[in-house]
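The sequence and the model come first, and the description follows.

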Amino acid sequence: MHRDLVIIGGGPAGLAAAIKAREEGIDDILVIERDIELGGILKQCIHNGFGLHIFGEQLTGPEYAQKFIDKLLELGIEYKCDTMVLNITDNKKVTAVNTKDGVIEIQAKAIILSMGCRERPRGALNIPGSRPAGIFTAGTAQRFVNMEGYKIGEKIVILGSGDIGLIMARRLTLEGSQVKMVLEIMPYSSGLKRNIMQCLDDFGIPLLLNHTVVKIHGKERVGGVTIAKVDANRKPIPETFRYVECDTLLLSVGLIPENELSKNAGIVLDKVTGGPRVNESMETSVEGIFACGNVVQVHDLVDNVTKESYLAGLGAAKYIKGTAGNGGREIETYGRNGVRYVVPQKIRLDDMGDEVNLFLRVDNIYKDVYLSVSDGGKTIYKVKKRIVAPGEMESVRLKKDSILNMENDKLFVELIR
Amino acid sequence: MFDVAIIGAGAVGAFVARDLSRYRINVVLIDKELEVSEGTTKANSAIIHAGYDCVPGTLKAKLNVQGNKMFDRICDELDVPFKRIGSLVIALSKEQLDIINELYERGRANGVPGLEVIGRERLKELEPNVNEDATGALYAKTAGIISPYELALACAENAVTNGVTLKLDTEVKDIEIKKGGFIIKTSREDIETRYIVNATGLFADVINRMLKGDEFSINPRKGEYCLFDKNDGHLVNHVLFQVPTPRGKGVLVTPTVHGNLLIGPNSVNVDIKEDVSTTGNGLEYIVNCARKTMNKFSMRDVITSFAGLRASTSGGDFIINVPVQGAVNAAAIDSPGLSSSPAISEMVVQMLKEQGLKLIEKDYYNPVRKRQIRFADMSDSEREKAIEKNPLYGRVICRCETVTEGEIVDAIKRPAGARTVDGVKRRLRAGMGRCQGGFCMPKVVEILSRELGIPYMDIVKDKKGGYLFTGRIKDNYTKGDGDANA
Ligand SMILES: Cc1cc2nc3c(=O)[nH]c(=O)nc-3n(C[C@H](O)[C@H](O)[C@H](O)COP(=O)(O)OP(=O)(O)OC[C@H]3O[C@@H](n4cnc5c(N)ncnc54)[C@H](O)[C@@H]3O)c2cc1C
Ligand SMILES: Cc1cc2nc3c(=O)[nH]c(=O)nc-3n(C[C@H](O)[C@H](O)[C@H](O)COP(=O)(O)OP(=O)(O)OC[C@H]3O[C@@H](n4cnc5c(N)ncnc54)[C@H](O)[C@@H]3O)c2cc1C
């Protein structure tokens, strides 16, 4: 089988990329989705708060996804659900499998990776204790509660204050479970401020910063956890050990971009983001393979996913049509002084439009700082920030003109007091 | 009325069941858990030891060396993953080299073939990542690694296929000794039998007391482990031991048969026979110790930690004896119990025979059991054919380990089939990968519910009482296929 463009993953990233590529004149597109329907993780996010930037209104996850699914159908873009991609090669051969077609081999001209991310499991934390039933990752719990309709517990402790953990605290409370507390090992929450207010404060659920679970108890089902305060090195302080009775421990301890397929194709991954290193067009280190969405970096807002995915769709379309530039001057981006990473990692001046959006995350909470972009000497852009936090992705929009007369080919994004 | 009742479906009990299924007798295999291999057999180092560190003249020495030799044939017949990768006991100092020479002599006394003391150079060739200070090693080529729970499952499955009755979720509460036999009182029913084999691991002392045997007591000794992602499995090529201390074989570093890296165990006496919890201190200890052997693993790659309990006793040797006419104890089977299990089984069968059990071979006994087909191991053309036969092989449920719905349905339908989420995991590795079931667990629950015809609410993770759900979200909620409650 041949296709101009194969898109792997039918979540918001894959859908937006497909739509953009079609609008740019690519007819021969196939979207492949593992699940039995399109929409990705949004299907289970039945809370609202999606689409504020793109649509100017508050949508639920399924509503947001549906807008893109409708558009996909309207444009007649081909898709296969219940189909799992098993392998991709650097010469863009895709192997997938499903119950109807068996093993499918597709030679693509271009590929867009949009496989999303997965949750970090308990093992990654190495929490001591027993291994009873009743330990769920937040996303799995969300699926059980919102899609399957089952209650996962009555008395719940949540570890990790990322957005999924916060949203599930509210959700489980609304379904009649008692959420006893949310623990966060860092001195700050990694979730959005609005979620802390709307999901914890409004329901009187305590958030214990600098706290973690040091032991899980229970034989068949969780019976309780021992919690503790941690010191500045994140080591539990023995004097603060405290037993909390519960039947469920919910883990919301981070997401990891899903890049097993990318590794097989020899795509270079960024050590910090865990996703592929990409350029301004969201192209990976392998020519003609693009990536967007949570597979590149874990996003807080789906609107950013959509924007990034339009770029990937556009980049892939140009690549297929042969209208991509020759690259020209290449600039690498670096985060430093409090900036953990910058996406894209590379900007080709010939291929960028009038401007480029740099996404970044900081490594701690900082108050009253300047977010600065420079070529090491000359400052190109500077903005004052009252507060920046790891839980909220920042972005910087740079005009092409401002980059053109840089002294060297390195762009540093950093925090300055 | 059964001829033989085997209590305990761990490696030992399962082997005895398989060995007895060769004969024209009525055999029942009883276990209190919902699945086979829920005791010590599921959580250990998974090493088939060469047999050099058992004290010469003990049952352990004899049965380990005998057992080790049997594994190629057995794993061939039962299609169980087993790799004879060899082991190295690594010396980090001059004094330790002396102990290695002692181990070598002991190994020769025990009749271990192919032992060799190697120097630094050769060690570096075999294990490039090992600690720089290593001065030499005892190389035992016959040591191997195995999937212990798959071994016990395969034995049980093969036994059932050959006519053995399997009673799970059946706890032995008491035993009435009668003339010419026993009445076993269980949590479910009374089971009458002429002979009994006690293979209850940590609880063998309790059953022995019911059988009025000479008193002994089993003391649980905990061993904790960290299991790493497959990214780290290639860091070592052999089972790497440290020089043993009076307390045991020390912390080992080894690849698993499935390609992960495993480090552990420690050795701590505990009070409770069911306490398989890991501890902060324990995990820290094994990590620090393991680093002395090999330092290249990353704690970020840990996917799970677990603990097992050794069924140890003060005498230090296996207790294989006759507590009362008609019964055989296979007790105090701590390490190297897994390696010895086929030889223990032979010995137990012999002891039953000596007590009058008539063993006449069946003409239909089949020692061969085929492992389920594994989608992950197939070529694309094999996959194509498998999906043609059964479309469910085309639906991948576990992404990390590429396990399909077809395989899960098979695992449930096979003899001694899967009943729990962890049962599916141990048979197929669904949920054993780097995401530890985050994506596939809801699917596995759905398939179990559908295939077993039991409601979601009754699906457990592992043990009775290990329920996953505490209720429905909406009482009037109805769902289409796959939900027995609908
Ligand atoms: C609980 C939660 C709450 C959130 N709340 C908000 C919010 O309030 N507002 C907001 O704006 N954003 C929110 N977000 C963030 C936003 O929804 C996500 O960042 C976005 O959905 C990511 O889109 P994606 O397409 O990259 O990934 P996904 O939605 O995860 O889609 C990836 C798709 O790829 C498929 N796939 C993966 N591997 C393969 C393969 N090998 N073969 C075939 N298919 C494959 C998967 O099945 C999946 O459907 C939230 C996210 C979560 C998890
Ligand atoms: C940390 C550790 C590391 C080890 N490493 C190795 C190694 O590398 N190599 C090696 O050779 N050996 C090793 N061993 C030893 C090995 O695991 C055991 O010897 C072996 O698994 C024992 O098998 P078993 O069948 O005797 O016991 P078990 O597997 O414990 O089986 C006993 C069964 O009896 C059942 N049962 C108990 N009471 C009752 C009752 N009243 N009614 C019904 N059923 C009951 C239990 O549910 C259980 O399934 C190790 C052990 C530990 C703990």
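Over all chains, the structure holds 76 salt bridges, a salt bridge being a side-chain nitrogen of Lys or Arg within 4 Å of a carboxyl oxygen of Asp or Glu. This is a predicted model, in which local features need pLDDT of at least 70 and side-chain atom pairs count only at pLDDT 80 or more, while totals for chains, interfaces and linings use all residues. Residues are numbered from 1 along each chain as its sequence is written, chains are lettered from A and ligands numbered from 1 in the order in which they are written, and side-chain values use heavy atoms, with hydrogens and water left out.

One of the salt bridges joins A:E78 to A:R3, with the closest N and O atoms 2.9 Å apart. A:E78 belongs to strand β5 (residues 78–80) of chain A and A:R3 to strand β1 (residues 2–8) of chain A, so the pair ties together parts that are 75 residues apart in sequence. Helices (H or I, at least four residues) and strands (E, at least two) are DSSP runs, numbered from the N terminus.

**The interface of chains A and B**

Chain A gives 50 residues to the contact and chain B gives 58 residues, where contact means heavy atoms within 4.5 Å. About 4600 Å² is buried between the two chains, and carbon and sulfur atoms give 54% of that area. Buried area is the accessible area (1.4 Å probe) that two parts lose on being put together, summed over both. In chain A, the residues that lose the most area to chain B are A:N126, A:R131 and A:Y150, together 16% of what that side buries.

Three salt bridges are counted between chain A and chain B. One of them links B:R395 with A:D82, where the closest N and O atoms are 2.6 Å apart. Side chains of opposite charge can pair when their charged atoms come close. The chains also meet through a pair of strands: β11(A) and strand β23 (residues 471–472) of chain B pair in the antiparallel sense over two bridges. In this pairing A:K151 stands opposite B:G471. Two strands pair if DSSP finds at least two bridges between them.

**Ligand 1**

Around ligand 1 there are 35 residues, the closest being A:A13, A:E33, A:I41, A:N294 and A:V302; a residue counts if one of its heavy atoms lies within 4 Å of the ligand. These residues come from chains A and B, so the site is shared between chains.

| Residue (backbone N or O) | Atom of ligand 1 | Distance |
|---|---|---|
| A:V85 | nitrogen | 3.0 Å |
| A:N294 | oxygen | 2.8 Å |
| A:V302 | oxygen | 2.7 Å |

**Strands of chain B**

Strand β12 (residues 190–198) of chain B pairs with strand β1 (residues 2–7) of chain B in the parallel sense over five bridges. B:F2 has B:T193 as its bridge partner in β12(B). With strand β11 (residues 181–186) of chain B, the pairing of β12(B) is antiparallel over four bridges, and here B:F182 stands opposite B:T193. A hairpin through three residues joins β11(B) to β12(B).

Strand β20 (residues 327–331) of chain B also pairs with β12(B), in the parallel sense over three bridges. B:V197 stands opposite B:V328 in β20(B).

Note on methods. Polar contact = N/O pair within 3.5 Å; in protein donor to acceptor, adjacent residues only side chain to side chain.
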